[in-house]
Amino acid sequence: MTKDETSKYTILLKDEKAWQFVFPMESKIRHHASVAGTTLRGTGILPDFPGQAWSGNGSIRQVDVSADGGRSWAPAALQGPILPKAPVRFRAAWQWNGGPAVLQSRATDDTGMCSQRARSSATSAALRGVYHYNAIASWRIDEKGEASNVYV
């Protein structure tokens, strides 16, 4: 076995045993890396909140975004083609009022699997590793407009 087969595709179980070669990935989401370290310029409607979503169980059915830390959600626009087990780009416009904000996104695939809150999946992530970690992706925007990745 290679290091990738043992470290990336193994799920540790609570009884100190492991499932090996677990290749299917659940619905996962990420914001584009270019968001981190950027600074927003000016308030108002900002046209782009980009990211990617994918699922090892099927096709992405929808992506929802939140600009208020998950209190409310709105659908993002998916960019086709939308194929099984393939990344799908998404975009959403949002309005920044100049204050701190937490931007979040979650993906749902065609099996109904949806990204989870990070806190509710923390135990699961510790056992399952980063490859099988499917928490809601979050970015913090501070009052200066600077973006950074956070776990909420």
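These are my notebook entries on a predicted model.

**Entry: overall make-up**

I began with the secondary structure and found 2 helices and 13 strands in the protein. I then looked up burial: of the 152 residues, 39% are buried. The exposed surface comes to about 8700 Å², and carbon and sulfur atoms supply 54% of that area. For contacts with a separation of 6 or more, I noted that 67% are between residues 24 or more positions apart.

**Entry: the open sheet**

I traced a sheet next. It is open and has 5 strands, in the order E7-E6-E11-E12-E13. The pairing is antiparallel. At the edges I found strand E7 (74–75) and strand E13 (147–150), each of which pairs on one side only.

How many bridges join E6 to E11? I counted 6, with the two strands running antiparallel.

I then turned to E11 and E12, which are antiparallel and joined by 5 bridges. Val102 has Arg140 of E12 as its bridge partner, and Leu103 has Trp139 of E12.

I also checked how covered E11 is. Of its 9 residues, 8 are buried, so the strand is largely enclosed by the rest of the structure. I kept one general point beside this: in a regular strand, side chains alternate between the two faces of the sheet.

**Entry: the largest nonpolar core**

Which residues of the largest nonpolar core touch the most other members? They are Val63, Trp94 and Ile141, in a core of 18 residues. The elements giving two or more residues to this core are strand E6 (60–66), strand E9 (88–91), strand E10 (94–96), strand E11 (101–109) and strand E12 (137–141). As a general matter, nonpolar side chains in soluble globular proteins tend to be buried together.

I followed Ile141 further. Leaving out residues up to four places away in sequence, I listed what Ile141 touches: Leu40, Trp94, Trp96, Gly99, Pro100, Ala101, Leu103, Glu146 and Ala147. Trp94, itself among the core members with the most contacts to others, is on that list.

**Entry: rings and charges**

I searched for aromatic pairs, and the count came to 0. I then looked for a charge over a ring. Where does the charged end of Arg106 sit? I found it over the ring of Trp73, 4.0 Å from the ring's centre.

Technical notes:
Residues numbered from 1 in each chain as written. Predicted model: local features only at pLDDT ≥ 70, side-chain atom pairs only at ≥ 80, totals over all residues. Heavy atoms only, no water. Core = buried A, V, L, I, M, F, W, Y, C linked by side-chain atoms within 4.5 Å. Buried < 20%, exposed > 50% of the residue type's maximum accessible area, 1.4 Å probe, protein only. Helix = DSSP H or I, 4+ residues; strand = E, 2+ residues; numbered from the N terminus. Contact = heavy atoms within 4.5 Å. Pairing = 2+ DSSP bridges. Phe/Tyr/Trp six-rings, centres within 6.5 Å; stacked < 30°, edge-to-face > 60°. Lys NZ or Arg CZ within 6 Å of the ring centre and 35° of its normal. Areas by Shrake-Rupley, 256 points an atom, 1.4 Å probe, with all protein chains shown as cover.
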